[in-house]
There are 2 protein chains.
Amino acid sequence: MNSFPFGSGRPDPESFPNRGLAEAAMRILPELGDELALYPGNLGFEPMRRLMSQRFEKREGVPLPPEQIALTTGSMQAVTLMAQAFVDSPGDVILMEEFSYSGTIGAYKQEGAELVGIPLDENGMRMDALEKTIDELGNAGRKPKFIYALVTYQNPTGSIMPIDRRLDLLDIAGRHQIPVVEDHCYADTVYEDCHEPALYTLEHECPVVHIESLSKILGPGVRMGYLAAPQPLLNEILKFRRDGGASTLSAAIVYEYFREQLWDHVGNINTIVKEKRDLMFHMLADSPDVFEWFSKPKGGLFIWVKLTDGVDRSALSSLAESRNIDYASGSAFHVRGEDVPFIRLAFGYSSLDQIREGIPLLADCVRQCRIAS
Amino acid sequence: MNSFPFGSGRPDPESFPNRGLAEAAMRILPELGDELALYPGNLGFEPMRRLMSQRFEKREGVPLPPEQIALTTGSMQAVTLMAQAFVDSPGDVILMEEFSYSGTIGAYKQEGAELVGIPLDENGMRMDALEKTIDELGNAGRKPKFIYALVTYQNPTGSIMPIDRRLDLLDIAGRHQIPVVEDHCYADTVYEDCHEPALYTLEHECPVVHIESLSKILGPGVRMGYLAAPQPLLNEILKFRRDGGASTLSAAIVYEYFREQLWDHVGNINTIVKEKRDLMFHMLADSPDVFEWFSKPKGGLFIWVKLTDGVDRSALSSLAESRNIDYASGSAFHVRGEDVPFIRLAFGYSSLDQIREGIPLLADCVRQCRIAS
């Protein structure tokens, strides 16, 4: 039976450069000296940090010194470190979009934080709601430890926060002296011209930490991400790191592969994934009776889909599973796990055929799970 | 100026198989399919777990099913996961050898645990002291969350716990139903015939978690370790994992390299390091006026050295640093950070020349730091 992997956010598997990485390993490993016999340390393999600094500068137009970058085991380690560094006591508050990355929600709950969700609209986190929430918490004598925000290609909703709202966000955070953690893990998965400057590049009066990943432009199996922060904040965060550093073996090979072809690779993979996204738009639009609305993200790997009223979501989950259709339930992305009439569909990993066949099948499942009214 | 890196526990850099790993990458990466485009998941690259299962069985003579093994980013991640899984509230007690690995001490303090040290002798953790401590804590209504033990090639003292004491340890832990975490990261760094069975292989009535590493037989730059536990304990622990899994890129390359030559590699590196250990013994014995006593470990990477009375250890630290002599201060290994007249010398990473020249230089530094009496 065919399978339809619309669940987790993974890049196109066909374009994964197995051979390119093998050849990169063959070139760089014999030249490494004794680096692999040493602990990578808090910052990690320096050439990779330099390359990621160049990645940032090419995209954002402003420099990011390599000494402000620390390599991590995927961006998830960076995300988790934020709570380890900033959350002191159980119940400390973290503010985040009301719908956000399920991995982050799980990690922050595990660290004992109380997550307070800020409503979003098509432009991301709503600033009126953010300010109101901070005020209300303040009246109760509570100050959030930080604001975690996916301002670019928001997961799961796909929104991009416009520049004006970014400036408002930094203004609010600055006035209240609340650090901002910008999870920019979808940075280069972009299909239309829609760049907005990273918060890290904008003037700010509060601490800002910037997080990026290689999982979305290369693959999660390399477990390579990083965080950027100025000193002394960077060292304050890295004090909480307990893993000896990120794999030099992985970093060296990925560095060598990307050294000359980072942007060719990104351009190539985005062309492939854009076609998948467009096809998924098209297939979703073919079933307006079940997919009431869906986001049209210009970047990232997900479409956020609203189901029509009166669908038994638990039955849908079972039925879809029985047909090998994997998707992510909306509740997984709600900060309090509330059941909501949304699902998240990932378009990066599936083939065009899987999308062409799978979305109508999923529509059919939804139809079968309508609650008789 | 020459440098003398006797500080951290690293393997021989000359024998690091840069080229062997490069060739392994060239063989395996093109064959991997889409594994690198997927998250490694909680357990990680299956062939590597099978190989580590074989490693265990060859050494211990009993099987360890690959499905009981979870790959981690170095063994430090496994060590840290134990506290994340077992420590619920600040002040929860972890029992460990009074002198133990500094990284573990730091990680467990960060997780909010109270560390209670059990005195050691030349055979490792003392069982009379362990039982007494458990009783005293029990009288105060406190039950330790687990016992962390380096029973084989203990860091920093180099001791090996004999079988009788291992059985006593498991008996005590079983009677009190306290889990035991066996950090076996020096498993195959062995220079004399001295095998004692891993706790994990002995009959036990309490949960036992077994931790191993590739850092000591290959290199810490690959960041590859693992933990073993039976179900459902393994899943209970892995619930706390938040990193998406250990790098498949690193695991695949290390697997392919070790697939046919694990034991040749281990035999080769142990022969090289044994010569360094022997030379360090010899050079230490040449200065009995300053090195009052030192352990003679049959495995591991460290010699634990007692300085003669009346040495200004703070002055020694500065003087040694000015001469590029790196060693680890005894206080770093004390569970409460107490200043003790010991230093730990690592012999794996330095060259024979560095040992031959450096130990007499260090002896000279100690002589200069004697407090006039």
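Two residues are in contact here if their C-beta atoms, placed from the backbone, lie within 7 Å. With that in hand, here are the legends. What you see is a predicted model, in which local features need pLDDT of at least 70, side-chain atom pairs count only at pLDDT 80 or more, and totals for chains, interfaces and linings use all residues. Residues are numbered from 1 along each chain as its sequence is written, while chains are lettered from A and ligands numbered from 1 in the order in which they are written.

**View 1. The two copies meet through the same surface.** Of the interface residues of chain A, 98% are also interface residues in chain B, so the copies use the same surface to meet. Chain A gives 44 residues to the contact and chain B gives 43 residues. On the side of chain A that touches chain B, the elements giving two or more residues are helix 1 (18-28), helix 3 (74-86), helix 4 (102-110) and helix 8 (248-285) of chain A. Helices and strands are DSSP runs numbered from the N terminus (helices are H or I with at least four residues, strands E with at least two). Helix 1 of chain A gives the most to this side, with 6 residues. Sorted by class, this side has 23 nonpolar, 14 polar and 7 charged residues. For that sorting, Ala, Val, Leu, Ile, Met, Phe, Trp, Tyr, Cys and Pro count as nonpolar, Asp, Glu, Lys and Arg as charged, and the others, Gly among them, as polar.

**View 2. A25(B) sits among residues from both chains.** Leaving aside neighbours within four places in sequence, A25(B) is in contact with A22(A), A25(A), M26(A), L29(A), I253(A) and I253(B). The largest nonpolar core has 230 residues, and A25(A), I253(A), V254(A), A25(B), I253(B) and V254(B) touch the most other members. A nonpolar core is a set of buried Ala, Val, Leu, Ile, Met, Phe, Trp, Tyr and Cys residues joined through C-beta atoms within 7 Å. Buried means that 20 or more other C-beta atoms lie within 10 Å of a residue's own (exposed is 12 or fewer, partly exposed is in between, and C-beta atoms are placed from the backbone).

**View 3. Chain A is divided into two pieces, domain 1 (4-14 + 265-368) and domain 2 (18-261).** These bounds come from an automatic or database domain assignment. The centres of the two domains, taken over C-alpha atoms, are separated by 25 Å. Their contact takes 24 residues from domain 1 of chain A and 28 residues from domain 2 of chain A. On the domain 1 side, helix 8 and strand 12 (302-307) of chain A are the elements that give two or more residues. Helix 8 of chain A gives the most there, with 7 residues. The domain 1 side divides into 12 nonpolar, 6 polar and 6 charged residues.

**View 4. L262(A) lies in helix 8 of chain A.** L262(A) counts as buried because it has 20 C-beta neighbours inside 10 Å.

**View 5. D188(B) is in the loop between strand 8 (180-183) and strand 9 (208-213) of chain B.** D188(B) has 23 C-beta neighbours inside 10 Å, so D188(B) counts as buried. Leaving aside neighbours within four places in sequence, D188(B) is in contact with R59(B), I217(B) and V266(B). N270(B) is 82 residues away along the chain, yet the C-alpha atoms of D188(B) and N270(B) are separated by 8.4 Å.

View 6. Most residues other than glycine have a negative phi, and most peptide bonds are trans. R223(A), in the loop between strand 9 (208-213) and strand 10 (225-228) of chain A, has a positive phi of about 45° although it is not a glycine. Over in chain B, phi of Y153(B) is near 55°. The peptide bond from N155(A) to P156(A) is cis, with omega near 15°, and the bond from Q231(B) to P232(B) is cis too, with omega near 0°.
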